[in-house]
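Have the sequence and the model open side by side. We will go from charged pairs to a pocket, and then to a helix.

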Amino acid sequence: MGDQLSGKLKDSKLQLKKLKESMEMLEELFDNAYHGMVLVDREGRIVKWNYEKLLGIKEEDVLNKHVEEVIENTRMHIVVKTGEKELGEIQKIQGHDMIASRIPIIKDGEIIGAAGTVLFKDLRELKSLAQKLERLQNAVHKYKGEIERFYKAKYSFDNIITQNKQMLYLKEIARKAAESNSTVLIQGESGTGKEFFAHAIHNASLRKYGAFVTINCAAIPKELLEAELFGYEGGAFTGAKKEGKLGKFEMANGGTILLDEIGAMPLEMQAKLLRVLESREFERVGGNNRIQLDVRVIASTNEKLREAIMKNQFRQDLYYRLNVIRIDIPPLRERLEDIPLLAEDILKRLEKDLMMETKKLAPEIFPLLAAYHWPGNIRELRNILERAVNVATGKIIEPRHLPEYLQIAPGVHTGKEKDSLLLKDIITRAEIDAIRRALQESGGNRTLAAKKLGIHRTAIYKKMEAYGIQLSEIDKE
């Protein structure tokens, strides 16, 4: 029996020795993560000491001493006896109210010792932390209502409808850009879908769970733009809210900010933006605290920034800071093969938004749409189709339901048109006639017709869709 008890004591001492060695390996971690740690055996004697920085007592002076002799008001010896942990207890040591925790060390159901730590060397530290947490909580509640009004990015790459080679290439570039945090500059005429690309990049990135904040730089007066971008402290200027206001950059922290119409930003503001992008920090208007910036920046514009630089209307250094990954979206007139796909998608959305019955476009409408130069791009196409949906009483949208300026096109006979002398109209008419003739001579075989025309097979498919040419309409020889 005595041999068995002696064996257990030896085993517990061995386990405690291993634990002590483990603590020695992690000594630097204990010194930095906590304000100290002590390890006692089952008799309450100190076997490891990491309180030298905290209490000014060296380890060699306390080893093998009973813990009560060294640490005032200790309960380590009691925890060894009871086996019950004590967490976050206040203990007065050297005149300071410290926050201590004591945990029994149990092996195979036997208590072999206990470990004690000091998490806060003074109760004031805990109070300070509690005050910081309270301030943060108040700030969250303060801005919660405002943040909840922000919309997440609504579009993905699936919403960018295209079969145009250039557009497909740009989608691929944008997908790759989404994998990084690099700044993206999106250029294109008004209505080409720049915002779709910005939304899609955010939704495909690691920041997709963060905020997606948009600010139109052209829609905000220059004297208010800085406050909108960076926020302001209470009473920063006449008319400012007394509680202050969060800026777009701060709202977008951890997510993405879209600086729409960046070309319209005043030069003075461009300089401030450049400093923020390079330093990755900013101050609110009227404030002194530096706020760290963790945000993905996407800029978009319908202006040609290089020309604006030549006219001293845009800073060259800011241009190069924004122009890391550039996406130049082509206008609709350069991707006419997308019109049928876009029209179908737009009609589906209109049907849902307007809660109307399903309507389709008559085949003879497509040549009209293909012949138009589309200064308003996809936005104009949507407006025209929305008008047509409301005007058409039946399920088929016919040319007469389009605006008058669209009802006359080369090769489409409505009884009103006159032959156009515009070069683009002549070319369109020639292409339609050539395709129809090639299909007739090829018996409706599009591959053979493409060879006769000297174009690729996929090209004739795209042109037939763009011009609304149906095989059923072709008189085959």
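Which residue forms a salt bridge with Arg290? The partner is Glu283, and the closest N and O atoms are 2.9 Å apart. Keep in mind that this is a predicted model. Arg290 is partly exposed, at 44% relative accessibility. Glu283 is partly exposed too, with a relative accessible area of 30%.

Side chains of opposite charge can pair when their charged atoms come close. The whole structure holds 23 salt bridges. One of them joins Glu189 to Arg333, with 2.5 Å between the closest N and O atoms. Look at where the two partners sit. Glu189 is in the loop between strand 6 (184-187) and helix 8, while Arg333 is in the loop between strand 12 (325-328) and helix 14, so the pair ties together parts that are 144 residues apart in sequence. Glu189 has a relative accessible area of 28% and is partly exposed. Arg333 is also partly exposed, at 37%.

Now turn to helix 16. Here Glu386 and Arg382 meet in a salt bridge, 2.9 Å from N to O. Both residues lie in this helix, 4 residues apart, which is about one turn. Glu386 has a relative accessible area of 25%, and Arg382 has 29%. Elsewhere, salt bridges link Arg75, Glu86 and Arg102 in a network.

Helix 14 gives the most, with 7. What is the make-up of the lining? It divides into 11 nonpolar, 7 polar and 11 charged residues.

Finish at helix 11, residues 267-279. Its 13 residues reach 19 Å from first C-alpha to last, close to the 18 Å expected. Its buried residues include Met269, Leu273, Leu274, Val276 and Leu277. Lys272 and Gln270 are buried as well. The buried residues pack against several elements, among them helix 9 (222-230), strand 8 (256-260), strand 11 (296-301) and helix 13 (316-322). Arg280 follows the helix, and its phi is positive, near 60 degrees.

How values were computed: Residues are numbered from 1 along each chain as its sequence is written. This is a predicted model: local features need pLDDT of at least 70, side-chain atom pairs count only at pLDDT 80 or more; totals for chains, interfaces and linings use all residues. Side-chain values use heavy atoms; hydrogens and water are left out. Helices (H or I, at least four residues) and strands (E, at least two) are DSSP runs, numbered from the N terminus. The expected span of a helix is 1.5 Å times one less than its number of residues. Buried means under 20% relative accessible area, exposed over 50%, partly exposed in between (1.4 Å probe, protein chains only). Contact means heavy atoms within 4.5 Å. Ala, Val, Leu, Ile, Met, Phe, Trp, Tyr, Cys and Pro count as nonpolar, Asp, Glu, Lys and Arg as charged, and the others, Gly among them, as polar. A salt bridge is a side-chain nitrogen of Lys or Arg within 4 Å of a carboxyl oxygen of Asp or Glu.
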